[in-house]
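User: I have a structure open and would like to go through it with you. Can we start with the strands?

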Amino acid sequence: QIQLVESGGGLVQAGGSLSLSCVTSLRPFSRYAMGWFRQASGKGREFVASISWTGDNTYYTDSVKGRFTISRENAKSTVYLQMNSLKPEDTAVYSCAASLNANFIGTQGRRPQEYEYWGQGTQVTVSS
């Protein structure tokens, strides 16, 4: 059974940092591109960041550029999201996802329908 398990969420003050991890059972992990999405209460799912299987290509939504960094460690089948300078509007459930389009051919992995597997999510709450 394929599993993606996020961790690292929590409550933080505005301006603070959190580091999210997503450990997967995907084998080989290098076959997959990965993405992070978030969903705030009462809103739709929003793309946050994506990374190709090599890590050479990364993409971000404009609102997190310069504050968030996506990375991966293929040997540990894990993808990370380092979040700095957090804002109250970053409050959401953050989920990782895996795509078989490992190099994001013709895309940047911004659409949820590009992903085959999803984690359950971890809550991030930023207080003002």
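Analyst: One place to begin is the hairpin of S5 and S6, with 6 residues between the strands, where Gly-55 takes a positive phi near 85 degrees. Strands here are DSSP runs of E, at least two residues long, and helices are runs of H or I of at least four, numbered from the N terminus. This is a predicted model, in which local features need pLDDT of at least 70, side-chain atom pairs count only at pLDDT 80 or more, and totals for chains, interfaces and linings use all residues. Residues are numbered from 1 along each chain as its sequence is written, and side-chain values use heavy atoms, with hydrogens and water left out.

User: How do S5 and S6 pair, and over how many bridges?

Analyst: They pair in the antiparallel sense, over 3 bridges. Two strands count as paired if DSSP finds at least two bridges between them. Strand S6 covers residues 58–60, and its Thr-58 is the bridge partner of Ile-51.

User: And what about S4 and S5, how many bridges there?

Analyst: There are 6 bridges between S4 (residues 33–39) and S5, and the two run antiparallel. Gly-35 stands opposite Ser-50 in S5. The hairpin of S4 and S5 has 5 residues between the strands, and Gly-42 takes a positive phi near 80 degrees in it.

User: New topic. How many disulfides are there?

Analyst: A search of the whole structure finds 1 disulfide, taking a pair of cysteine sulfur atoms within 2.5 Å as the criterion. Cys-22 and Cys-96 form it, with their sulfur atoms 2.0 Å apart. Cys-22 lies in strand S3 (residues 18–24) and Cys-96 in strand S9 (residues 92–99), so the pair ties together parts that are 74 residues apart in sequence.

User: What is its handedness?

Analyst: The torsion about the S-S bond of Cys-22 and Cys-96 is about 50 degrees, so the disulfide is right-handed.

User: Are those cysteines buried or exposed?

Analyst: Cys-22 is buried, at 0% relative accessible area, and Cys-96 is buried at 0% as well.

User: OK, salt bridges. How many?

Analyst: The count comes to 6 salt bridges. The rule asks for a side-chain nitrogen of Lys or Arg within 4 Å of a carboxyl oxygen of Asp or Glu. One of them joins Glu-46 and Arg-38 (2.7 Å, N to O). Glu-46 is partly exposed at 31% relative accessible area, whereas Arg-38 is buried at 6%.

User: What else does the side chain of Arg-38 meet in a salt bridge?

Analyst: Arg-38 also meets Asp-90 (3.0 Å, N to O). That pair links distant parts of the chain, with Arg-38 in strand S4 and Asp-90 in the loop between strand S8 (78–83) and S9, 52 residues apart. Both Arg-38 and Asp-90 are buried.

User: Which residues make up the core, then?

Analyst: The largest nonpolar core has 27 residues, and Met-34, Trp-36, Val-79, Leu-81, Met-83 and Tyr-94 touch the most other members. S9 gives the largest share of this core, 4 residues. A nonpolar core is a set of buried Ala, Val, Leu, Ile, Met, Phe, Trp, Tyr and Cys residues joined through side-chain atoms within 4.5 Å.

User: What does Met-83 touch?

Analyst: Not counting residues up to four places away in sequence, Met-83 touches Gly-16, Ser-17, Leu-18, Leu-20, Arg-67, Phe-68, Tyr-94 and Val-124. Contact means heavy atoms within 4.5 Å.

Notes:
Buried < 20%, exposed > 50% of the residue type's maximum accessible area, 1.4 Å probe, protein only.
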